[in-house]
2 protein chains.
Amino acid sequence: MSGYKEVLLAQRPETSRDIGSHLFEIRKNEEISAQQGQIAVQVTHLSLDPAMLGWMMPDETSYIPPVALNSRMRGLGIGTVIDSKNEAFQEGDTVMGMFGWTELAISDGQGVTKLSSDINREMALSIFALPGLTATQGFFNVGKPKQGETIVVTGAAGSVGSIVGQLAKAEGLRVIGVVGSEEKANWIVDQLGFDGAVNYKSDTAAKRLEELTPDGVDIFFENTGGALQQHVIDQMNAHGRVVVCGMIADYQSETPRPGPNWIPVIKKRLTIQGFTMPDHFDQTEQLLEKLTPYVLGGKIQYRAHVLKGLENAVSGLSLLFTGENRGKLMVEL
Amino acid sequence: MSGYKEVLLAQRPETSRDIGSHLFEIRKNEEISAQQGQIAVQVTHLSLDPAMLGWMMPDETSYIPPVALNSRMRGLGIGTVIDSKNEAFQEGDTVMGMFGWTELAISDGQGVTKLSSDINREMALSIFALPGLTATQGFFNVGKPKQGETIVVTGAAGSVGSIVGQLAKAEGLRVIGVVGSEEKANWIVDQLGFDGAVNYKSDTAAKRLEELTPDGVDIFFENTGGALQQHVIDQMNAHGRVVVCGMIADYQSETPRPGPNWIPVIKKRLTIQGFTMPDHFDQTEQLLEKLTPYVLGGKIQYRAHVLKGLENAVSGLSLLFTGENRGKLMVEL
């Protein structure tokens, strides 16, 4: 490799709708090499995630500090070790870590995970990285599912929602997914085995939701926010659990729409619990132990939406917020 | 006693604002006596509680079936056993139970608790009945308090809120109460030892809340609902707990005002949990064991707002919803 490209955050979004290539600068750097204790990683796949909006916009309540201006954009990636001066790694190793938006990363190995060399890297980013960990933590540890219960998952064709729904099917729940297109509705029912789908853009979405949940809703796995939220709450059973994982429909709005009134929270004794995966990274091993058998048993399908090259990372991030991505969004370098 | 009066629910409220004496009928009955296995109780004190609204209005999501039309209004009371054909009770015993709105009750003893004969009955209804159980369950088991944390309690001069705040002070928390008048603000600070009070009717309530919680809010004990809710959520710290115990400001509104958007629920990893005491009646003994030492240690003060006679029960219930009651509302017969 003679020199490499990386992407810097050149300016912060003025508003949360202001996501595009003008925020970034692609810089060509001279080749650098690993020093004692370090590894050099040629990055091949970068994950694009909704959390990136929070990393770009300063927000004192965020759970992780923002990316500094004119420094490399943060991101999870997979790559190949091309040089190692760290005894824990060897040239040729397949590794996953927060390498950022770059073709070449130098790392001291902290927080870098070795993967099996023959792993499908698109699958690894789609299932074994943030989406799978998040889905597993949220579904099992926050949702506390029981066989025979009904779960409603919003963003059901998304990277987290699609895994939650499939885990729930495997655990014997009735699974209804909320999506934003007929194509996604067909995919989650026909390919992933969901029991039903609601297109939230349809005029009859609330009625459809009601028809599909004749025994009410025990778990509401919320990835999106949006107007259907109130209707799901209306359908919930006593002692229902609401797992608040994402609010992507509202992240970009200047004035997030209000949430449901809390009277049903009392009457139905609901628990509404927010979580973010960084709080639980110390449980990664246990979560992967829980998730892996489902994957090996063929219970978890995925689809990857692959953009090519760093140039497309900077313009493609907005797909997450328009809902135009089909499957886990990532960049192949 | 020659004959006795009881109150029947004569019609259901047309709307939740329609609470008044026209809903009830006071009937004079012939004296009745205890049969084998029964006790006759002369009721001396009746508790008036917000939950009564839910008992009068049919609502399929309610946790307890409504009172049937033309039958005795449901309610918790304290009285004296005047005749016993049940070996568990003796004439002269002081007893508490769901006797309903009546001067004389016949009971098989199920769900009837014997109290110490020298107990102050106003105190018993104010602390050892629903308010104290609810406060103890909600504060300790849902709120999960830690010494040094900050709690905000709404309805802080009310029967539950005043106990929650005093338990929290005794446990070493910083305690801020939200009330609806200056008189109540003074009472909770000067008499109950709260660290501060916010009058939600003041124009500067949100600013005052912020000033009084410089280290943020760890526990939000919500008894009322209302516009300040959003501001408390804004002040909450990461991993904060919201105990949703009452929404009295919204029980009477035709269109309950919306709640907070859930973005902070994720960012701050909040848990919002609703509970109602009937789910936990099997833990009454443990809850009283927890509460009693605080009462014996002089940590829990109360005030009772006592109406006289059944005639005042039917007209006085609405005081709970206008916030005009001062202390635990009850009727002395």
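## Salt bridges across the interface

A salt bridge is counted where a side-chain nitrogen of Lys or Arg lies within 4 Å of a carboxyl oxygen of Asp or Glu. In this predicted model, Asp279(B) forms such a bridge with Arg269(A), and the closest N and O atoms are 2.7 Å apart. The rule finds two salt bridges across the interface of chain A and chain B.

## Basis of the values

Residues are numbered from 1 along each chain as its sequence is written, and chains are lettered from A in the order in which they are written. Because the model is predicted, local features need pLDDT of at least 70 and side-chain atom pairs count only at pLDDT 80 or more, while totals for chains, interfaces and linings use all residues; side-chain values use heavy atoms, with hydrogens and water left out.

## Extent and make-up of the contact

With contact meaning heavy atoms within 4.5 Å, chain A contributes 36 residues and chain B contributes 36 residues. The area buried between the two chains, that is, the accessible area (1.4 Å probe) that two parts lose on being put together, summed over both, is about 3,000 Å², and carbon and sulfur atoms give 66% of this area. Trp262(A), Ile266(A) and Lys267(A) supply 26% of the area that chain A buries against chain B, more than any other three residues.

Between chain A and chain B there are 12 residue pairs in polar contact, both residues being at pLDDT 80 or more; such a contact is a pair of N or O atoms within 3.5 Å, where within protein one must be able to donate a hydrogen and the other to accept it, and residues adjacent in sequence count only if both atoms are side-chain atoms. Elements giving two or more residues to the side of chain A that touches chain B include α7 (228-235), β12 (236-244) and α9 (263-267) of chain A, where helices (H or I, at least four residues) and strands (E, at least two) are DSSP runs numbered from the N terminus.

## Strand pairing between the chains

Strands pair if DSSP finds at least two bridges between them. Three bridges join β13(A) to β13 (residues 271-274) of chain B, and the two strands run antiparallel. Within this pairing, Gln273(A) stands opposite Thr271(B) in β13(B).

## Relation of the two copies

When the copies are superposed by least squares on the C-alpha atoms of residues with pLDDT of at least 70 in both, chain A can be laid on chain B with an RMSD of 0.1 Å by a turn of 180° and a shift of 0.0 Å along the axis. The two copies are therefore related as by a two-fold rotation axis. The same surface serves both copies, since 100% of the contact residues of chain A recur in chain B.
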